[in-house]
There are 2 protein chains.
Amino acid sequence: MGIQTSLSDIRIDSQGERLSFDASFIAVEVARLLREDQTSAIREFLETQELADIATLIEELDEGDDLTVLRLLDLHDQAEMLGYLRASSQVALATRIPRRELVALMGAMSHDERADLFKQLDEEAQEAILPALSKAEREDLRRLAAYEEWTVGSVMTSDYATLMPEMTSTQAIEALRAQAIEAETIYYAYIIDEGRKLVGVVSLRDLLTARPRQRVSEIMDREPIWMRADGEQEDAARLISRYDLLALPVLDNNDRLVGIVTADDAMDVAEEEVTEDFYKGSIVQPIELSVAEATIAMLYKARIFWLVLLVFGNIFSGAGIAYFEDTIAEHLSLLFFLPLLIASGGNAGTQSATLMVRALATGDVRPADFGKLLGREVLIALALGLTMSLAVSMIGVWRGGPDIAVVVALAMVSIVLMGALIGMCLPFIFAKFDRDPAAASGPLVTSIADVLGVLIYFTIAARVLEI
Amino acid sequence: MGIQTSLSDIRIDSQGERLSFDASFIAVEVARLLREDQTSAIREFLETQELADIATLIEELDEGDDLTVLRLLDLHDQAEMLGYLRASSQVALATRIPRRELVALMGAMSHDERADLFKQLDEEAQEAILPALSKAEREDLRRLAAYEEWTVGSVMTSDYATLMPEMTSTQAIEALRAQAIEAETIYYAYIIDEGRKLVGVVSLRDLLTARPRQRVSEIMDREPIWMRADGEQEDAARLISRYDLLALPVLDNNDRLVGIVTADDAMDVAEEEVTEDFYKGSIVQPIELSVAEATIAMLYKARIFWLVLLVFGNIFSGAGIAYFEDTIAEHLSLLFFLPLLIASGGNAGTQSATLMVRALATGDVRPADFGKLLGREVLIALALGLTMSLAVSMIGVWRGGPDIAVVVALAMVSIVLMGALIGMCLPFIFAKFDRDPAAASGPLVTSIADVLGVLIYFTIAARVLEI
């Protein structure tokens, strides 16, 4: 009873954070009950829980205990629960399940999750399982596992519901009823001809509201939205989001239906993409594991490349300063303004890059809009630069007299303008060369702006102060 | 015919980018057909198109033309299409629709979209519409429009399907058939008692596969996942994603069912949140419109605050340099290494912040893990710092002799360590004080690391070189 209350609390709170915390607490309780052989108490508890939560619980249990708890679920729930485990936990568990049991379990899994698990297993385990599967399962597994990681094919599933165009709506509903146990969803059904070519899509809702004798061919949408299996999975997620679909049919290059992508899988794809973009716009290289799981060596490797690269960028700034050593030695008060001017160029550039990267990603701005935006950016940067040079020139008068104030004011306008233009152009240049604009990250913009900022500042200083 | 081909191409390509480009092209075609009074050709074309695409087309049309094209759709499609328009376009269009027509249209809209539109209208328009609505519609509208923008209540809809527990599965399917025209979804149905308290949820799939005489009360899930109407909408999106739901029931504080959040609305919430987080971690303040639509003044305002704020941060760096003017005057070669050392501290800090912000957002790391991670971060930072000081000290020997090399090497290790620790701690400090860790952005970390970097570098230089 104590266990039940704590897990139901989660839903009221609905905090992902609370959840993982409680799961480890419940895992201790479950382990205790296992020691006391109170399996029926655990079974009762599991019945009231969501499979996603049970997956989190199983990940928290010790080796051995996890398998015992898994076996308290019926086969169908076991198969579905496996889909909620992290890939690494899934494989770790699967390798400890006896072969015959694993084959039965994989037979009950949804086809996409089964293929994902299969791909993760080592060759030996794969070879052991294949002969035990039916021919149809084997072929399905091979086909789904063959798609590359970034493709629509790799996230689609082949257990979709199909109908024939000449069925009446009553017959169609009956057919869906029969397919309900196997199919990933029966809310959309796909109408295919003899050659498995997709001819239409119909929703269960439309079937239910149709007249009983009406034929599927009269109700179905004859121009459904679809994608090729070798298309990009991000595009599938985008289509599902844009057209509010529950599932998207996937065709091979001969227009034959080979799978569907469901909305929940599309949501996972979209979330992965966000993390990917997050790292792409940063100066950390992507890491395979979560930060908590990664080793020190992995994190070192993910960071050292950019750090060293950016040091070399800054050597140019240093060389720039060294070049003007004489001017600096004569006017040491120039140094006071160095960090402030240099940083402003980088900051203005980071801002422009941020705005452009996001706008290009959401489609608010297209590469063709570059010219139109450039003029506006110049005006904005001038306004920003003038505001800041006003503020800074007053400090200039105070710290170094009117000459220095003029230098600092002129430098500020020029550097902000230069930084903003670099920050704006870089994402477009990346897009032009088919690279992700998100890679035009802040530190990259900053490094370029730093070098140019040093040169601009001291060039102006040398000219103004020597006259 | 020409129009049809170009719009169908979009689906094959499935590029959001292509779409908006073609929509403006098609808008020209449609405008031409309107001038030539070929409305039937347009109607034929519209019938083959998705409502989301028609919405994009209508946004591209001139005032007047858009209303004409809208009226070529039947009422139900008009209502659904409106939901795909951007909020600003929706209001602009709605204010030009005659009152009686608008009332009919709003009657056909889904309840959440109707309430969203109503909220956007000015008071005069609201007052004009309210009396024309039925009492039930009026109350529904007022109730839905009353929720604050960030709540679950503001994204939920009240047109859900309900069943009674004593119905047989056959009766239940019949009841859903009757509710199919009005309800947002019939794939999940909610079972409520006389007091409208939620007692269970059942899927249409489970109803279809149940025995015909089986009662809803036997089939339904008695412990469904739900949320309070005043909860945060991001949490609703998270629950829907975690448990792979098609819809989430929403209860008021008396446990009465007041609405549902559908998966497609949850996807929109998740996408908005990404954009929000993106700006939160940047030095641009959020802007209401897209970059392309925003005025120069709006963009200026969104940027000047952080730019000025960060300038003041850099004044401290400048003051730090000024404080060590004598040391610098004696050893001008120190200046060569200034940009490189300072930037490395900021870069290492930005990296740590990036990793921590993302890990805290995805839940991979919890605030309680701070202690455990701190020790690891020190080791990683030392490894990074040592690698870099090795490289840099060689340049030090070449540019300034062994003394300078020692100073630069020592400074590099200290500065990288300092930067990494600031970048790591800042997100946790923000989380501790209930602020979003994402606000611990790169430039904030960099500014702090810059000031300390200057002090560390020249303090070490002063000590080592004066001995």
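How many bridges join β4(B) to strand β5 (residues 247-251) of chain B, and do these strands run parallel or antiparallel? In this predicted model, two bridges join the pair, and the strands run parallel. Within the pair, B:Met227 stands opposite B:Val250 of β5(B).

Strands β4(B) and β5(B) belong to an open sheet of three strands in chain B, with the order β4-β5-β6 and mixed pairing. The edges of this sheet are formed by β4 (227-228) and β6 (257-262) of chain B. Each edge strand has a single partner, so one side of each is left without a neighbour in the sheet. Helix α16 (residues 263-280) of chain B packs on this sheet and touches both β5 and β6 of chain B. The direction of helix α16 makes about 70° with that of β6(B). As background, the strands of a sheet pair through backbone hydrogen bonds, either parallel or antiparallel.

An antiparallel pair is found elsewhere in chain B, where strand β2 (residues 188-192) and strand β3 (residues 198-203) are paired over five bridges. In β3(B), B:Val201 is the bridge partner of B:Tyr190. The hairpin made by β2(B) and β3(B) has five residues between the strands, and one of its residues, B:Arg196, takes a positive phi near 65°.

In chain A, three strands form an open sheet in the order β1-β2-β3, again with mixed pairing. Here β1 (162-163) and β3 (198-203) of chain A stand at the edges. Because each has a single partner strand, one side of each lacks a neighbour in the sheet. Strand β2 (residues 188-192) of chain A pairs with β3(A) in the antiparallel sense, over five bridges. Within this pair, A:Tyr188 has A:Ser203 of β3(A) as its bridge partner.

Two loop residues of chain A were examined for their backbone angles. Most residues other than glycine have a negative phi, and most peptide bonds are trans. A:Asp37 is not a glycine, yet has a positive phi of about 60°. A:Asp37 is found in the loop between α2 (16-35) and α3 (39-47) of chain A, and is exposed, with 8 other C-beta atoms within 10 Å. A:Asp255, also not a glycine, has a positive phi of about 65°. The loop that holds A:Asp255 lies between β5 (247-251) and β6 (257-262) of chain A. With 13 C-beta neighbours inside 10 Å, A:Asp255 counts as partly exposed.

The overall form of chain A was then described. Its secondary structure comes to 21 helices and six strands. The radius of gyration of chain A is 31 Å, whereas the globule rule gives 23 Å for 467 residues. The computed value is well over that of the rule, so chain A is more spread out than a compact globule. Along its principal axes, the C-alpha trace of chain A spans about 90 × 60 × 45 Å. Of the 467 residues of chain A, 45% count as buried. Among the contacts in chain A with a separation of 6 or more, 70% are between residues 24 or more positions apart.

One residue of a helix in chain B was also considered. B:Phe430 is found in helix α20 (residues 370-432) of chain B. B:Phe430 has 19 C-beta neighbours inside 10 Å and therefore counts as partly exposed; a buried residue would need 20 or more. Leaving aside neighbours within four places in sequence, B:Phe430 is in contact with B:Arg435, B:Asp436, B:Pro437, B:Ala439 and B:Ala440. B:Phe430 and B:Glu466 are 36 residues apart in sequence, and their C-alpha atoms are 41 Å apart in space.

Two copies of a chain are related by a rotation about an axis and a shift along it. Chain B is superposed on chain A by a rotation of 180° with 0.0 Å of shift along the axis, at an RMSD of 0.1 Å. The two copies are therefore related as by a two-fold rotation axis. In chain B, the C-alpha nearest this axis belongs to B:Ala329, at 3.3 Å.

Between the chains, 95 residues of chain B are in contact with 93 residues of chain A. Helix α19 (residues 334-362) of chain B gives the most to the side of chain B that touches chain A, with 17 residues. By class, this side of chain B has 54 nonpolar, 22 polar and 19 charged residues. Of the interface residues of chain B, 98% are also interface residues in chain A, so the copies meet through the same surface.

Technical notes
Residues numbered from 1 in each chain as written. Chains lettered and ligands numbered in written order. Predicted model: local features only at pLDDT ≥ 70, side-chain atom pairs only at ≥ 80, totals over all residues. Contact = placed C-beta atoms within 7 Å. Helix = DSSP H or I, 4+ residues; strand = E, 2+ residues; numbered from the N terminus. Nonpolar A, V, L, I, M, F, W, Y, C, P; charged D, E, K, R; others polar. Pairing = 2+ DSSP bridges. Axes fitted to C-alpha atoms, helices over the stretch in contact; angles between N-to-C directions. Least-squares fit on C-alpha atoms with pLDDT ≥ 70 in both. Rg over C-alpha atoms; globule rule 2.2 N^0.38 Å. Buried ≥ 20, exposed ≤ 12 C-beta atoms within 10 Å, placed from the backbone.
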